Amino acid sequence: MSEARLTAIVLAGSRAGAADPMAVAAGLSHKALIPIAGKPMITHVLDTLRAVPDIGRILVCIENPAVLDGILPDGVETMDAAQGPSAGPSASVLAAIRDCGTPLLITTADNPLLRPEWVRFFLDGVGSADIAVGVASEAAVTRDVPGTSRTFIRLSDVAFSGCNLFLFRTPASARVAMLWRTIEKERKHPLKMGWLLGPSILLRFLLKRLGTKNLLARILKLTGAQGKFVFMPDGRAAVDVDKPADLVLVRKLMETA
């Protein structure tokens, strides 16, 4: 990627303002505040982003910025997360694209293992794509984090897990965020989500004949944006903190790093 000093957004809010179960269990308002290795989870993410020369501006997207008082480093800003019953990460990303423009790097506050060299690898792998998504193959995750339980998307040519890394590189990528928002509203109904991408895509997926090229070609047809999956070299990039077992794992990995 040739652009320098891009803007990075860290998604740290709770869906529709609802408290995260892990935050509640820890007696905190937000999962991003859960301590790991002596500091809030989000601080690890911010430290990583600040160590990447390509990144100039960093904003934390959260519905109540006051909870971050005394935590954010100098120069890190906040922006309001999208609110409302149908609001989710995609709505916040759309707002960020509107307010900050592109290129825009997106990650999440529950991604504390993130490393500067991984971000650099991701950015270098984007090429001319309008939008890129960082993923780790099942083989890489199994190799680098044996025994972990992750959710894999199984296509005909590869199985992979998301790494909570997205680059909305050009204005055209906003149309992918719009498609994401439409699909996100059906997140509890996988078949409906698939149907929104088109009957042929859904059928290919159900028959295990949907490959990465088919999926990206369909997204291009629907949005006019060229997408790319960037396969990360380290399977640990797919480990975020979604459940208590993940927190135990991340703490263990940080102790042995």
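Predicted model: local features only at pLDDT ≥ 70, side-chain atom pairs only at ≥ 80, totals over all residues.

Reader: Where does Ala-37 lie?

Author: Ala-37 lies in the loop between β2 (35-36) and β3 (39-40). Its phi is positive, about 50°, although Ala-37 is not a glycine.

Reader: OK, and what about phi at Asn-164?

Author: Asn-164 also isn't a glycine, and its phi is positive at about 55°. Asn-164 is found in strand β9.

Reader: Is Asn-164 buried or exposed?

Author: Buried: Asn-164 has 17% relative accessibility, and the cut-off for buried is under 20%.

Reader: Next, the backbone. Which residues does the cis peptide bond join?

Author: Thr-102 and Pro-103, with omega at about 5°. Pro-103 has its place in the loop between α3 (89-100) and β6.

Reader: Then tell me about β6. How many of its residues are buried?

Author: Five of five, so strand β6 (residues 104-108) is mostly covered.

Reader: And which residues sit on which side?

Author: Leu-104, Ile-106 and Thr-108 are on one side, and Leu-105 and Thr-107 are on the other. Both faces of β6 are covered, with all of these residues buried. As background, side chains in a regular strand alternate between the two faces of the sheet.

Reader: Which strand do five bridges join to β6?

Author: Strand β1 (residues 6-11), and β1 and β6 run parallel. Thr-7 stands opposite Leu-104 in β6.

Reader: What about β9, parallel or antiparallel to β6?

Author: Antiparallel, with three bridges joining β6 to β9. The bridge partner of Leu-105 in β9 is Leu-167.

Reader: Switching to aromatics. How many pairs does a search of the whole structure find?

Author: Three aromatic pairs. One of them is Phe-160 with Phe-231, an edge-to-face pair with 6.1 Å centre to centre and 90° between the planes. That pair links distant parts of the chain: Phe-160 is in strand β9 (residues 159-168), Phe-231 is in strand β10 (residues 227-231), and they are 71 residues apart.

Reader: How accessible are Phe-160 and Phe-231?

Author: Phe-160 is buried, with a relative accessible area of 3%. Phe-231 is partly exposed, at 31%.

Reader: And why does the pair of Phe-166 and Trp-180 count as stacked?

Author: The ring centres of Phe-166 and Trp-180 are 5.8 Å apart and their planes are at 25°, so the pair is stacked. The cut-off for stacked is planes under 30 degrees apart. Phe-166 lies in strand β9 and Trp-180 in helix α6 (residues 173-184), so the pair ties together parts that are 14 residues apart in sequence.

Reader: Are Phe-166 and Trp-180 buried or partly exposed?

Author: Partly exposed: Phe-166 has a relative accessible area of 21%, and Trp-180 has 26% relative accessibility.

Reader: Which residues form the aromatic cluster?

Author: Phe-160, Phe-229 and Phe-231 form one aromatic cluster.

Reader: Let's look at pockets. What volume does the second largest pocket have?

Author: About 190 Å³. The second largest pocket is lined by 14 residues, and Pro-112, Leu-113, Leu-114, Arg-115 and Met-254 lie nearest its centre.

Reader: Which elements give two or more residues to that lining?

Author: They are α2 (41-50), α4 (116-124) and α10 (244-256). The most comes from α2, with three residues.

Reader: And how do the lining residues of the second largest pocket divide by type?

Author: Eight are nonpolar, two are polar and four are charged.

Notes
Residues numbered from 1 in each chain as written. Heavy atoms only, no water. Phe/Tyr/Trp six-rings, centres within 6.5 Å; stacked < 30°, edge-to-face > 60°. Helix = DSSP H or I, 4+ residues; strand = E, 2+ residues; numbered from the N terminus. Buried < 20%, exposed > 50% of the residue type's maximum accessible area, 1.4 Å probe, protein only. 1 Å grid on protein atoms, 1.4 Å probe; cavity = no way out; pocket = protein on both sides within 12 Å on 5 of 7 lines; lining within 4 Å. Points joined across faces, edges and corners; volume = space filled by probe spheres on them. Nonpolar A, V, L, I, M, F, W, Y, C, P; charged D, E, K, R; others polar. Pairing = 2+ DSSP bridges.
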